[in-house]
Amino acid sequence: MDLLELEDSFTDIGGQFLRSAFDLREQLPNIKAYLFDWDGVFNDGSKLGSEGSRFSEVDSAGLRMLRYGHFKKYGSIPYLGVITGAANPVARDLMQNHQANVLYQRAIRKGKALEHFMEHYELKAEEICYVFDDVLDLAVAREVGLRFCVGRLANPLFLGLVAGSDLADYITASQGDEHAVREVSELLLGLMDNYTEVVQEFISEQNHYTQFKEAAAQIEMQTWEFKSGNFERL
């Protein structure tokens with residue numbers, strides 16, 4: 001898809017490009033990891049006590065297509081993980097289902113989680129894409145290579161701060177309970193320019209998709225929890 005047409009597709013639904021699609025496409029080949037906040041990104045931020053908070057199958061499908069699209073485009077499975085301030089069994093189950101690499105829980109100091117993640121997987125900040133929605137995420141957003149902020153009507157001052165302080169590259173039209181993860185996934189696939197092929201192979205499990213599934217099945221997810229000033233593996 002032509003990049004101007006791609007931009008129009010997302011601005012028409014209310015998305016806000018803070019960097020052009022041309023700049024984002026140039027940055028994408030450097031990305032090796034996709035990290036997500038959980039509450040407010042996969043959902044509206046509401047908590048269900050010890051049960052955690054929910055996610056959408058619409059977002060889950062988008063996430064799977066994104067990871068496969070990256071594999072198809074660049075030849076390697078990108079690292080995938082969640083950084084959340086809570087201990088959320090739903091987040092853990094979804095990440096395990098996606099053969100994610102890592103889940104950071106009770107990670108109130110998200111900048112520390114980013115440092116740990118980069119050291120553990122030998123990554124640079126510019127090789128990481130982060131999807132976030134709120135103040136505690138800014139310690140990560142200010143460092144990494146690509147930043148997608150989930151839009152929310154309730155915090156116009158925060159979104160203004162993000163936009164005016166170079167803390168995001170795109171603000172979603174969708175709120176967390178409106179499939180914002182799917183919006184980001186589709187935008188990234190559009191930037192990779194392989195959306196149609198990914199969808200076709202995703203539903204038929206042909207071509208590179210079998211290789212992707214076999215490689216992903218070898219990934220063992222690690223869960224880390226912030227305790228007494230350090231991250232401990234569970």
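Predicted model: local features only at pLDDT ≥ 70, side-chain atom pairs only at ≥ 80, totals over all residues.
**Entry 1: a buried pair**

I began with Arg152 and Asp133, and I find that both residues are buried. Their side chains meet in a salt bridge, with an N to O distance of 2.7 Å. Arg152 sits in the loop between strand E6 (146-149) and helix H7 (156-164), while Asp133 sits in the loop between E5 and helix H6 (138-141), so this pair ties together parts that are 19 residues apart in sequence.

Arg147 took me to strand E6, where I checked the cover on each face. Leu146 and Phe148 lie on one side and Arg147 and Cys149 on the other, and all of them are buried, so I record that both faces of E6 are covered, taking buried as under 20% relative accessible area.

I then followed the pairing of this strand. E5 and E6 run parallel and are joined by four bridges, and within this pairing Tyr130 has Arg147 of E6 as its bridge partner. E6 also pairs in the parallel sense with strand E7 (residues 170-171), over two bridges, and there Cys149 has Ile171 of E7 as its bridge partner.

**Entry 2: the whole sheet**

I next wrote down the order of the strands, which is E1-E7-E6-E5-E2-E3-E4-E8-E9 in an open sheet of nine strands with mixed pairing. The edge strands are E1 (16-17) and E9, each of which pairs on one side only.

Working through the other part of this order, I looked up strand E3 (residues 79-83), which runs parallel to E4 and is joined to it by three bridges; Ile83 has Tyr104 of E4 as its bridge partner. Strand E4 (residues 102-105) in turn pairs with E8 in the parallel sense over four bridges, and the bridge partner of Gln105 in E8 is Glu225.

Strand E8 (residues 222-227) is mostly covered, with five of its six residues buried. Four bridges join E8 to strand E9 (residues 230-233), and here the two strands run antiparallel. In this pairing I see Lys227 opposite Asn230 of E9. The hairpin of E8 and E9 has two residues between the strands, and in it Ser228 takes a positive phi near 50 degrees.

**Entry 3: salt bridges across the sequence**

I asked how many salt bridges the structure holds, and the count is 16. Besides the pair in my opening entry, I looked up two others.

One of these is formed by Lys32 and Glu127, whose closest N and O atoms are 3.2 Å apart. Lys32 lies in the loop between H2 and strand E2 (33-36), and Glu127 lies in the loop between helix H5 (110-121) and strand E5 (128-132), so the pair ties together parts that are 95 residues apart in sequence. As for cover, Lys32 counts as partly exposed at 41% relative accessibility, whereas Glu127 counts as buried at 12%.

The other is formed by Glu201 and Lys72, with the closest N and O atoms 3.0 Å apart. This pair links distant parts of the chain, since Glu201 belongs to helix H9 (residues 195-204) and Lys72 to helix H3 (residues 57-74), 129 residues apart. Glu201 is buried, with a relative accessible area of 7%, while Lys72 is partly exposed, with a relative accessible area of 24%.

**Entry 4: a charged patch**

Which residues form the negative surface patch? I found Asp2, Glu5, Asp8 and Asp12. I placed Glu5 in helix H1 (residues 3-11), and I recorded a relative accessible area of 43% for Glu5, which makes this residue partly exposed.

Methods. Residues numbered from 1 in each chain as written. Heavy atoms only, no water. Patch = residues over 30% accessible without salt bridge, like charges linked within 9 Å, V, L, I, M, F, W, Y side chains within 5 Å. Areas by Shrake-Rupley, 256 points an atom, 1.4 Å probe, with all protein chains shown as cover. Salt bridge = Lys/Arg side-chain N within 4 Å of Asp/Glu carboxyl O. Lys, Arg positive; Asp, Glu negative; His and termini not counted. Charge placed at Lys NZ, Arg CZ, Asp CG, Glu CD. Buried < 20%, exposed > 50% of the residue type's maximum accessible area, 1.4 Å probe, protein only. Pairing = 2+ DSSP bridges.
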